[in-house]
Amino acid sequence: MKSIWNFESARSLTVEHSAGPLNIRGHDRDEIFVSAISEPRYSAPDEDTVSFRFRGPSILKAPDDTEITVDEAAGPLSIKKVRAGVAIGDTRGPLHIANLDGPLTCTGSVFGPTRIARAGCISLNSCVGPMSASDINSIDLNDSSGPVHVSRCSGPFRARRLAGDATLRDMSGSVEIDRHAGSLRLGGLLRGDSVWKVTTQGSVTISLDGASSARLKLVSETKDVSVHELELSDRSHVHEDGLFTATIGDGEATLEIEASGEIVLRRAGGSENGKFGLPFSAQEIAEDVEYVISGVESDLRDLGEEVSQSLRIGDDFRNLGGRIRKRVQRDVDRFVRRQRKRVRRAARKSVEPQPRRPQMVDGSSDDHAENVRTVLRLVAEGKISPYEAEKLLNALSSRQ
């Protein structure tokens with residue numbers, strides 16, 4: 001049976017250990033409220049500090065100006081609507097942070113998925129699972145073993161080692177990645193004194209806002225560097241060592257990329273963003289679906305714990321998130337299939353024989369057929385869009 005305990009106001013609050021799901025919330029009251037199935041162990045060595053040890057699912061509500069420290073969380077940890085600083089040690093389960101005004105510091109390891117939304121300055125030591133963050137001021141990430149997804153970061157992003165794929169969108173500040181083993185998609189507005197500097201063993205796709213202004217230095221071991229729909233000055237060809245240099249606008253900022261794979265530089269929102277003539281790729285759709293669903297699951301889990309304080313009902317909510325994932329993925333697959341059918345229909349219409357006057361037969365018809373096959377093969381391989389293919393086929397037909 002759930003019980004509630006009230007504590008006098010304290011300036012700092014420490015959770016030494018939490019064995020079950022723990023939800024921490026800030027509120028505008030002067031007291032600390034604890035709601036739990038099992039009575040927590042607590043101590044108050046002085047008037048400014050109170051420490052807890054929780055043995056089961058618990059909810060803790062603290063005044064807005066209370067500094068919060070969680071030394072160890074064995075289950076899911078959720079912290080929301082806290083206006084002061086938060087410090088975290090090791091977290092064995094998922095970590096969910098939302099609406100945090102103060103700084104977040106994690107000195108240990110997060111072994112479950114990490115999701116952060118609407119927060120200030122973030123410092124993370126180690127993320128073993130996937131990490132996603134949105135609407136934040138800055139991130140300092142020491143080590144990450146899973147995929148990283150960051151969007152709308154107004155300040156600097158710094159990572160020392162990323163082992164998985166990374167997607168960084170709408171980045172307004174500097175970006176620095178010392179070592180990266182996966183593929184990278186990086187986009188945003190690059191100007192002023194910002195520096196984007198990355199060393200990676202994978203491939204890189206960079207989408208720059210049209211108002212960007214930067215000096216470019218791109219190095220690809222495969223000597224595969226391509227630029228799409230960006231106006232460059234002082235442009236040079238790829239040298240034998242895989243070096244490509246250029247300038248965008250006045251060259252205010254700096255972009256330096258060293259990659260083992262290919263480097264693609266394009267204007268954000270350009271036609272090269274995805275296959276089938278779409279402004280996005282199927283892989284990007286799948287990533288966004290997973291990102292949204294992970295947030296839905298986290299919110300549903302928090303709701304289940306707050307309403308029922310029961311792991312059984314919490315599991316029911318998590319299962320609901322899984323059903324949502326299957327439904328959305330099914331809709332995505334259906335959408336991609338429709339686009340493929342549209343491409344095939346456009347290709348068939350482009351090569352249908354048109355009535356024409358009788359004329360002498362020569363070898364040019366064979367050349368035309370071979371050219372049509374080449375164009376269709378480029379569409380199938382995703383190297384050109386259906387719109388570009390249609391223009392090529394129209395030009396070939398006019399020569400007949």
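Four helices and 26 strands make up the secondary structure of this protein; helices (H or I, at least four residues) and strands (E, at least two) are DSSP runs, numbered from the N terminus. The model is predicted, so to speak of local features requires pLDDT of at least 70 and side-chain atom pairs count only at pLDDT 80 or more, while totals for chains, interfaces and linings use all residues. Residues are numbered from 1 along each chain as its sequence is written, and side-chain values use heavy atoms, with hydrogens and water left out.

Of the 400 residues in the protein, 46% are buried, where buried means under 20% relative accessible area, exposed over 50%, and partly exposed in between (1.4 Å probe, protein chains only).

Let me turn to the charged patches. A patch consists of residues with over 30% relative accessible area and no salt bridge, like charges being joined within 9 Å; a salt bridge is a side-chain nitrogen of Lys or Arg within 4 Å of a carboxyl oxygen of Asp or Glu.

Which residues form the negative patch on the surface? They are Asp-28, Asp-30, Asp-65 and Glu-67. Asp-65 sits in the loop between β7 (58-63) and β8 (67-73), and counts as exposed because its relative accessibility is 60%.

A patch of positive charge on the surface brings together Arg-337, Arg-338, Lys-341, Arg-342 and Arg-345. Arg-345 belongs to helix α2 (residues 311-351) and, with a relative accessible area of 43%, is partly exposed.

Definitions and conventions: Patches are made of residues with over 30% relative accessible area and no salt bridge: like charges are joined within 9 Å, nonpolar side chains (Val, Leu, Ile, Met, Phe, Trp, Tyr) within 5 Å. Accessible areas come from the Shrake-Rupley method with a 1.4 Å probe; for residues, only the protein chains shown count as cover. Lys and Arg count as positive and Asp and Glu as negative; His and the chain ends are not counted. The place of a charge is taken as NZ of Lys, CZ of Arg, CG of Asp or CD of Glu.
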